[in-house]
Amino acid sequence: MAKNRPANIIVDTNLWISFIISKKYHLLDILLYTNMVRILFSFELIEEIEATINKPKLRKYFTGDALTDMLEAFDAFIDIVTVKSDVIICRDPKDNFLLALAKDGKADYLLTGDKDLLDIEKFGRTKILTLTDFLDLMTEGR
């Protein structure tokens, strides 16, 4: 990652759901407001987050349009990537769309808690890390 540009990151659905439920967006605030990261989204990732939010067991945690509120809050820091690649590498085929987003979005990092993705460790130029490991890495030099 070049020091003079923000890191392109992808945040997996499981982390977004945790952020929305706990309102712990502040975990990314320092990185966003110091222009250390740009968050990559694809339409498929947005659809997956929306589908997850609308599951009956999770719906009770959300008021109004939580996804829209989140996207609006981070709008200045988001890049929507049109994914054209077809990637088939992950043990869980449902996670391959994130790797395709990583490839087409030239992501530096994919943040997740998903063991199937974490076991890959690196896909092309993209390092796959937990949120904690990523935050430690990004704040080391501060």
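Helices, in the sense used here, are DSSP runs of H or I with at least four residues, and strands are DSSP runs of E with at least two, both numbered from the N terminus. In this predicted model, the chain holds eight helices and six strands, and read from the N terminus on, these elements follow one another as β-α-α-β-α-α-α-β-α-β-α-β-β-α.

**Overall dimensions**

- The chain has a radius of gyration of 15 Å, which agrees with the value near 14 Å that a compact globule of 142 residues would have.
- Taken along the principal axes, the box filled by the C-alpha atoms of the chain is roughly 40 × 35 × 25 Å.

**The sheet**

- Strands of a sheet pair through backbone hydrogen bonds, and this pairing is either parallel or antiparallel.
- Here six strands make up an open sheet with mixed pairing, and their order across the sheet is 3-2-1-4-6-5.
- At the edges of this sheet stand strand 3 (78-80) and strand 5 (122-123), each of which pairs on one side only.
- Strand 1 (residues 7-11) pairs with strand 4 (residues 109-111) in the parallel sense over three bridges, and within this pairing I10 stands opposite L110 of strand 4.
- Strand 4 is also joined to strand 6 (residues 126-129) by three bridges, again with the two strands running parallel, and here Y109 has K127 in strand 6 as its bridge partner.
- Strand 5 and strand 6, by contrast, run antiparallel and are joined by two bridges, with F123 standing opposite T126 of strand 6.
- Strand 5 and strand 6 also form a hairpin with two residues between them, and in the turn G124 has a positive phi of about 60°.

**Helix 3 and its contacts**

- Two packed helices are described by the angle between their axes together with the distance between those axes.
- For helix 1 (residues 13-22) and helix 3 (residues 43-53), the axes come within 10 Å and cross at roughly 50°, which makes helix 1 oblique to helix 3.
- The crossing in which helix 1 passes helix 3 is right-handed, and the contact is made by T13, W16, I17 and I20 from helix 1 together with L45, E48, I49, T52 and I53 from helix 3.
- Sorted by class, this contact of helix 1 with helix 3 has six nonpolar, two polar and one charged residues.
- Helix 3 also packs against helix 6 (residues 96-104), where the axes come within 9 Å and cross at roughly 145°, and the crossing of helix 3 past helix 6 is left-handed.
- On the helix 3 side of this second contact are E44, L45 and E48, which meet F97, L98 and L101 in helix 6, and by class the contact has four nonpolar, no polar and two charged residues.

**Loop residues with positive phi**

- Most residues other than glycine have a negative phi.
- K106, a residue other than glycine, has a positive phi near 50°, and K106 is placed in the loop between helix 6 and strand 4.
- E121, likewise a residue other than glycine, has a positive phi near 70°, and E121 lies in the loop between helix 7 (115-118) and strand 5.

Conventions:
Residues are numbered from 1 along each chain as its sequence is written. This is a predicted model: local features need pLDDT of at least 70, side-chain atom pairs count only at pLDDT 80 or more; totals for chains, interfaces and linings use all residues. Side-chain values use heavy atoms; hydrogens and water are left out. Axes are lines fitted to C-alpha atoms, for helices over the stretch in contact, and angles run from 0 to 180 degrees between N-to-C directions. Angles under 35 degrees count as roughly parallel, over 145 as roughly antiparallel, 65 to 115 as roughly perpendicular and the rest as oblique. A crossing is left-handed if the near helix is turned anticlockwise from the far one by less than a right angle, and right-handed if clockwise. Contact means heavy atoms within 4.5 Å. Ala, Val, Leu, Ile, Met, Phe, Trp, Tyr, Cys and Pro count as nonpolar, Asp, Glu, Lys and Arg as charged, and the others, Gly among them, as polar. Two strands pair if DSSP finds at least two bridges between them. The radius of gyration is taken over C-alpha atoms; the globule rule is 2.2 Å times the number of residues to the power 0.38.
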